[in-house]
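Here are a few exercises to work through with the model open beside you. Try each task before reading its solution.

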Amino acid sequence: MATPSPGYSITVRVEVPAASNSTAALTTAVASAGGALTALDVAESRTDRLVVDVTCDTTDERHAALITAAIAAIPGADVRKVSDQTFLLHLGGKLEVNPKVPLKHRDDLSRAYTPGVARICLAIAEHPDDARRLTIKRNTVAVVTDGSAVLGLGNIGPLAALPVMEGKAALFKQFGGVDAWPVCLDTQDPDAIVEIVRAMAPVYGGINLEDISAPRCFEIEARLRGMLDIPVFHDDQHGTAIVVLAALTNALRVVGKSLDDVRIVVSGVGAAGHAIIRLLLAQGARDIVGCGREGAVHSGAKGMEPFRQWIADHTNPRHETGSLREVLAGADVFIGVSAPDLLTGDDIATMAPGAVVFAMANPVPEVDPIAASVHAAVVATGRSDHPNQINNVLVFPGFFRGLLDAGVTDVADAMMVAAASAIADCVEPEELNASYVVPSVFDPHVAPAVAAAVREAAATVTSGRMPSDGARSPG
């Protein structure tokens, strides 16, 4: 059975006899059904009855039902209600808007709104660059999706994608102090998406594209970058690539290998895989083989779309063919951004000594991390219940904080490499080991370090600088 997760946490309110063994019976019922008890609280007490809230982690909805049934089977127990803690957290959404200025009396209203606001409007009309100083633009990011590639759920549409985008916006604020807002578009036409984002761009200081399927995501990003004067960043591509480079930098330090000498196999040649390969090559990797559903991508294949053709033209120096399992033999590094359960521990055993395995398919990795750890020196996943969680939240809050602070109009490779180095260096040498190659997503030093690295890198990209934030006095 899978490991119980807080993502499937339930609270069962149950009435039981006021006997000395009642709470012990509840604890035993949860344990016997495979749940992980996290809290047991007495909500009501009478001389003959107790009302108890039993909170536990489960593996999925079916498992939650089994645990509830086990509790209900206790003699004298009466289950009153079952609450799903994840659904409760999402009730009413996860975001709200709060004013930053007081609105307590007429003077406040006259300055924040009419008539005083007209002076600000006229100042911006005369000097549009002042919008960054005088409006929310300098600190606001649009999180844009069409719902076509949401998490591991696929094409579930914009409405179903909204909880993810809300969560993304909450993370922007929590870790980077960036005011982000979900923009879920009811179209999957690239032309329409580009035009909508272009038209709404004046409000925002940056665009974060999210969960848009390949290959459309490549076209949408490229076109928007060409027409907008604010940075456009597809997190599924570049955020993933940055955190992978950071984790790999430290993993190679652990095993005593260098990026330019190792043989890397990447499973998944969509948006994330393409960006990972591109950034690793930019940082000096020389031997990468990308694998799709049909096996190794190589220059001899016909009829490939342009982005896969780019991979074929720039990787696989020995022109290997064959399945993922076949090309993995002898490799130093496996990076998976593809699908669950593609490999076994025996497949990992064929890799070179001191192997590094990043199995990042979520929620089920390409290979079981416990089985992989028998043979690999370093194992990482995208999950929070295993060591070395490779998660984009290490990247995008600080990355956009740096972009907004620097006022850049575009994203350069130098900024992404700098961000990766900053994340890697947040793990001190005395902390570095096979189970700790990336910092915790809750490490408060990460986002500021990434922001500082991006600002420093951006300072060298003078052609991409926006005008100064200094507002001009009207008149």
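**Exercise 1.** Which helix gives the most to the lining of the largest cavity?

*Solution.* A word on the ground rules comes first. This is a predicted model, where local features need pLDDT of at least 70, side-chain atom pairs count only at pLDDT 80 or more, and totals for chains, interfaces and linings use all residues. Residues are numbered from 1 along each chain as its sequence is written, and side-chain values use heavy atoms, with hydrogens and water left out.

Step 1: list the lining (residues with an atom within 4 Å of a point of the cavity, itself a set of points on a 1 Å grid over the protein atoms alone where a 1.4 Å probe fits but cannot get out). His238, Ala241, Ala275, Arg278, Leu279 and Met416 line the largest cavity.

Step 2: assign helices (DSSP runs of H or I, at least four residues, numbered from the N terminus). H10 (235-255) and H11 (271-282) each supply at least two lining residues. H11 gives the most, with three residues.

Step 3: The largest cavity holds about 40 Å³.

**Exercise 2.** Describe the largest nonpolar core and the surroundings of Leu248.

*Solution.* Step 1: apply the rule, by which a core is a set of buried Ala, Val, Leu, Ile, Met, Phe, Trp, Tyr and Cys residues joined through side-chain atoms within 4.5 Å; buried means under 20% relative accessible area with a 1.4 Å probe, protein chains only. The largest core has 74 residues, and Leu248 is among those with the most contacts inside it, as are Ile242 and Phe399. H10 gives the most to this core, with 10 residues.

Step 1: look around Leu248. Beyond its neighbours within four places in sequence, Leu248 is in contact (heavy atoms within 4.5 Å) with Leu259, Ile264, Leu280, Val333, Ile335, Val356 and Phe358.

Step 2: a separate core of 21 residues includes Val197, Tyr204, Phe218 and Ala271.

**Exercise 3.** Is Arg216 buried or exposed, and which side chain does its own side chain meet in a polar contact?

*Solution.* Step 1: find Arg216 in helix H9 (residues 216-227).

Step 1: Arg216 counts as buried because its relative accessible area is 16%.

Step 2: the side chain of Arg216 makes a polar contact with that of Ser148 at 2.8 Å. Such a contact is a pair of N or O atoms within 3.5 Å; within protein, one must be able to donate a hydrogen and the other to accept it, and residues adjacent in sequence count only if both atoms are side-chain atoms.

Key: On a 1 Å grid over the protein atoms alone, a cavity is a set of points where a 1.4 Å probe fits but cannot get out, and a pocket is an open set with protein on both sides within 12 Å along at least five of seven lines; lining residues have an atom within 4 Å of a point. Grid points are joined across faces, edges and corners, and a volume is the space filled by probe spheres set on the points. Buried means under 20% relative accessible area, exposed over 50%, partly exposed in between (1.4 Å probe, protein chains only).
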